[in-house]
Amino acid sequence: MTARPGGPLAGRIAVPGDKSMSHRALMLGALAEGETRIEGLLEGEDVLSTAGAMAALGAEVERLGDGRWRVVGRGVGRLAEPAQPLDFGNAGTGARLCLGLIAQQPIFAVLVGDASLSRRPMGRVTEPLARIGAHFLSRAGGRLPLAIRGAEQPQPISYRLPVASAQVKSALLLAGLAAEGTTEVIEPEATRDHTENMLRAFGATVTVSDEADGRHVRLAGPARLTAAPVTVPGDISSAAFPLVAALVVPGSSVVIENVGVNPLRTGLLDCLAEMGAGLRLVNRRDQAGEPVADLVAEAGPLKGIVVPPERAPSMIDEYPILAVAAAFAEGRTELRGLGELRVKESDRLAATARGLAACGVAVEEGEDWLVVHGLGGSGRRPAGGARIEANLDHRIAMAFLVLGLAAAAPVEVDDASPIDTSFPGFAALLRGLGADLA
Ligand code: S3P
């Protein structure tokens, strides 16, 4: 797919449902007693893999219409043994959270995924889930394909996260639902709390206290979950792409409606505000326990900033597109605390640095940091004119297509198909705003 520089982007759009919340809605639906109705579910490949896994684990999963699904659950600790390997495709969240679900009962399962997922570390979840009582066999380095036998009698544990990861926290909380006693996860930095919010909506007791050594999340087990309706807002991690496109394509003015703005997800918005972006949140409201707003973006000059490492968990998926915004800003932008980017769908730190350099932007890359020397104010813009390898990474593909919309020359992405994992309809939606993407 190629993105060509063109005229201003204009219009109102809505992006597909939040990926994190969509996975969780299907999983909690599968564990709950009764029928869970979901509205606004992301129908991207990642979430469809999770829907397939929940059906294979014995839940009744049915698509009723666009983003409208029903799940009839089996109850905590009552999932069925799947007859075939569970294929999670590209989805790290689906695979890791599902290990927590399977760990609840003594069933056997095999997890497989695509080449990208098969490179990603799973030891971060299998190690603490083994303490809960589950057993694992995996490839070297704890990688997929991986076999699990869930616990005979899940034990409650207290676990301090060695890396800031909502996926690890969530896998442990899900496993802890079947344990007798309090499961505690201590996070040095707060990560997205959709699991905690949704567990409460399904009737579990989850408490959170900020203490000197970090945030303590405690779940009372064993828990019974009761089906509850879930309305999924638009994904801020998807909105980030048309948002930055609107900020960097001169003369643009775009509204993105119904975006989830949970404060543990909005680090990108803080950065863009500091960069002087023409960005406003309007029509703020609460929807099923999660804050939602419309984002209004207008193109204009941006300036370089220093992004502190402690902001990383609240914008972990947004660094590639923030780096693209930084390429158009005046002066240097310094991004710190990026170690986790190296183990995402691809090594995003390397891919971002390589892609920017190929597009004529000066960058410096360290083990866990990136400095982007923006071209804003120089009368020049990123040259573009490059072919970017997406390496099965949807966000790398989208970030560089956005860059191409405002560069001096077109940018081609070798394989745009991974975009469907999280943002089906991305190209059509941007074309509707006037972007030249083909
Ligand atoms: C996610 C958490 C993040 C994020 C991923 C979704 C989640 O991963 O990168 O896209 O839904 O919990 P980590 O928790 O591994 O940082």
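Select L272 and F400 to begin: within the largest nonpolar core, which has 81 residues, these two have the most contacts. A nonpolar core here is a set of buried Ala, Val, Leu, Ile, Met, Phe, Trp, Tyr and Cys residues joined through side-chain atoms within 4.5 Å. Buried denotes under 20% relative accessible area, exposed over 50%, and partly exposed in between, with a 1.4 Å probe and protein chains only. The model is predicted: local features need pLDDT of at least 70, side-chain atom pairs count only at pLDDT 80 or more, and totals for chains, interfaces and linings use all residues. Residues are numbered from 1 along each chain as its sequence is written, and side-chain values use heavy atoms, with hydrogens and water left out.

Keep F400 selected and display its surroundings. Neighbours within four places in sequence aside, F400 is in contact (heavy atoms within 4.5 Å) with A351, T352, G355, L356, C359, I388, V411 and V413.

Next, select residues 306-307, strand β18. Strands (E, at least two residues) and helices (H or I, at least four) are DSSP runs numbered from the N terminus, and two strands pair if DSSP finds at least two bridges between them. β18 belongs to an open sheet of four strands with mixed pairing, in the order β18-β19-β21-β20. Because β18 and β20 (362-365) each have a single partner strand, one side of each is left without a neighbour in the sheet. β18 and β19 (residues 330-336) run parallel and are joined by two bridges; V307 has L335 as its bridge partner in β19.

Now move to D317, in the loop between β18 and α9 (319-328). An unreviewed UniProt entry annotates D317 as "active site"; such annotations may be inferred rather than shown by experiment. D317 counts as buried, at 10% relative accessibility. Residues up to four places away in sequence aside, D317 touches R192, S237, K344, R348 and R395.

Finally, select β2 (10-14) and β16 (278-287), the edge strands of a further sheet, each pairing on one side only. This open sheet has four strands in the order β2-β15-β17-β16, with mixed pairing, and its twist averages 15° from one strand to the next. Five bridges join β2 to the parallel strand β15 (residues 253-260), where V255 is the bridge partner of R12.

Conventions: Axes fitted to C-alpha atoms, helices over the stretch in contact; angles between N-to-C directions.
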